[in-house]
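Here are a few notes to read alongside the model. Have a look at it, then go through the points in order.

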Amino acid sequence: MSGKRPPVEDFATDFDHTDDRWVADPYSIWDDLRGRCPVAHTDRYGGAWLPVRHDDVVAVAYDTEHFTSRSVVVSELRPGPDDLPAPIGLAPPITSDPPFHALARRMLLPAFSPKAVAGYEAYTRQLCRELLDAAGGAAVVDGSVDFARHIPLRVIVRMLGFPEADADVFRSFVRGTLEDVDESADQREARAEEATMERYMDERIAEHLASPSDDLTGFLLDAELDGHKLHPDHVRGTMVLLLIAGIDTTWSAVGASLWHLATHPGDRRRLAAAVAARAVAGAGEARLLDTAVEELLRAYAPVTMARLVAKDVELGGRQLREGDWLLLPFPAANRDPAAFPDAGKVVLDRAVNRHAAFGLGIHRCLGSNLARMELRIALEEWLTRYPDFELADPAGVVWSAGQIRGPRVLPLRVA
Ligand code: HEM
């Protein structure tokens with residue numbers, strides 16, 4: 001956090017997900033809360049709740065009657081009941097509630113099917129190799145800045161058919177939306193990024209309308225809901241959502257996985273050997289990369305979502321009131337020992353792993369096929385190039401603050 005808020009004394013009664021201690025190590029905080037106060041509260045952000053048990057996270061994720069997705073990022077700007085276009089929200093389907101949600105989601109599914117995603121695998125691999133080539137020769141490579149952050153950004157920009165040179169525009173926009181949540185309401189309102197982004201999207205939409213193309217933007221412009229083409233606000237909102245939902249999340253997952261391998265040499269050696277053996281049919285631990293991807297997603301799940309309480313409801317013995325925020329920490333559910341044996345330990349070949357990294361219920365991640373493909377290829381290519389690496393400067397690692405957790409600076413010694 002940027003030091004703008006007073007430090008937290010007790011996370012049970014005054015939690016803050018941008019506090020330095022949470023940013024450095026949320027796991028011990030959740031473990032502590034699970035033991036003594038499974039649903040924590042804070043007066044910060046105008047009042048918010050935090051369940052940390054797997055069962056409570058599941059209960060909220062499936063309960064769309066008492067919890068609305070109208071706003072999924074906790075900030076000082078808490079929308080009132082009439083501030084957002086319910087049930088559509090600003091970025092359908094993630095901000096939509098039933099029954100509209102199902103329509104908005106169903107329409108997008110074909111664009112993220114395993115088959116559609118497979119079409120971007122060769123590009124993703126080539127991109128990873130180019131990034132590694134660009135960093136080639138250096139003794140220290142930043143796994144986050146030089147590698148992880150470019151992958152989902154460049155892939156989604158390509159999918160949307162936007163100019164690759166515009167990647168930096170999106171990066172600053174995503175940061176503003178997800179990471180600067182401890183700014184005051186006035187600061188956030190004063191920031192003009194959202195307006196700039198809308199203008200940018202409108203220009204791309206106009207270009208695509210003038211000369212139709214076979215990309216995701218073209219797909220959205222052709223898509224129909226109830227027999228009607230989408231309203232331009234809906235197309236723009238979905239584009240913004242895909243950029244926000246796909247970039248920081250996958251960047252964080254790739255970065256956190258590299259951080260784990262850098263700090264756990266046994267796991268790194270084992271996975272690197274499995275990747276090397278994949279080239280030889282039937283050799284080594286053929287499935288290890290697949291189970292490792294799931295386990296790294298479970299253990300370092302990057303995404304915590306939020307809900308607003310739609311109707312008064314009880315949760316874990318606490319009385320939640322309409323309009324309260326609730327942080328929905330899928331990563332904490334994944335670390336609950338009641339749901340996963342050895343929950344705090346990374347077990348690369350964990351056989352049963354029904355983790356919640358991609359969420360649960362109707363909003364379960366629509367980009368999970370894409371995210372898994374990007375993470376698998378990123379790890380495969382990194383480990384092929386650098387089977388041997390470690391943290392170059394443990395104190396120099398910087399983790400993001402806010403609802404998406406991952407390393408933003410990750411200097412790795414590769415030679
Ligand atoms: C490792 C990477 C990713 C993780 C951990 C992740 C996680 C999540 C989670 C937890 C949700 C549930 C939200 C909620 O309950 O409110 C979600 C929803 C969503 N994600 Fe992802 N995500 C990732 C990558 C992506 C990518 C690459 C895309 C697409 C480009 C994407 C698109 C979406 C969309 C559209 C939704 C909303 C689905 C709905 O509301 O029905 N995500 N994601």
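**Notes on the sheet and the ligand shell**

1. β1 and β2 run antiparallel, with four bridges between them. Strands count as paired if DSSP finds at least two bridges between them. Helices (H or I, at least four residues) and strands (E, at least two) are DSSP runs, numbered from the N terminus.

2. A word on the source: this is a predicted model, where local features need pLDDT of at least 70, side-chain atom pairs count only at pLDDT 80 or more, and totals for chains, interfaces and linings use all residues. Residues are numbered from 1 along each chain as its sequence is written.

3. In the β1 and β2 hairpin, five residues sit between the strands, and Y45 takes a positive phi near 55 degrees.

4. Now the whole sheet: it is open, has five strands in the order β1-β2-β10-β7-β3, and its pairing is mixed. β1 (39-42) and β3 (67-68) are the edge strands, each pairing on one side only.

5. Over to the ligand: it has 27 residues around it, with G246, G359, C365, G367 and A371 coming nearest. (Near means a C-beta atom, placed from the backbone, within 6 Å of the molecule.) The elements giving two or more residues to this shell are α9 (150-160), α14 (232-263) and α18 (368-385). α14 gives the most, with seven residues.
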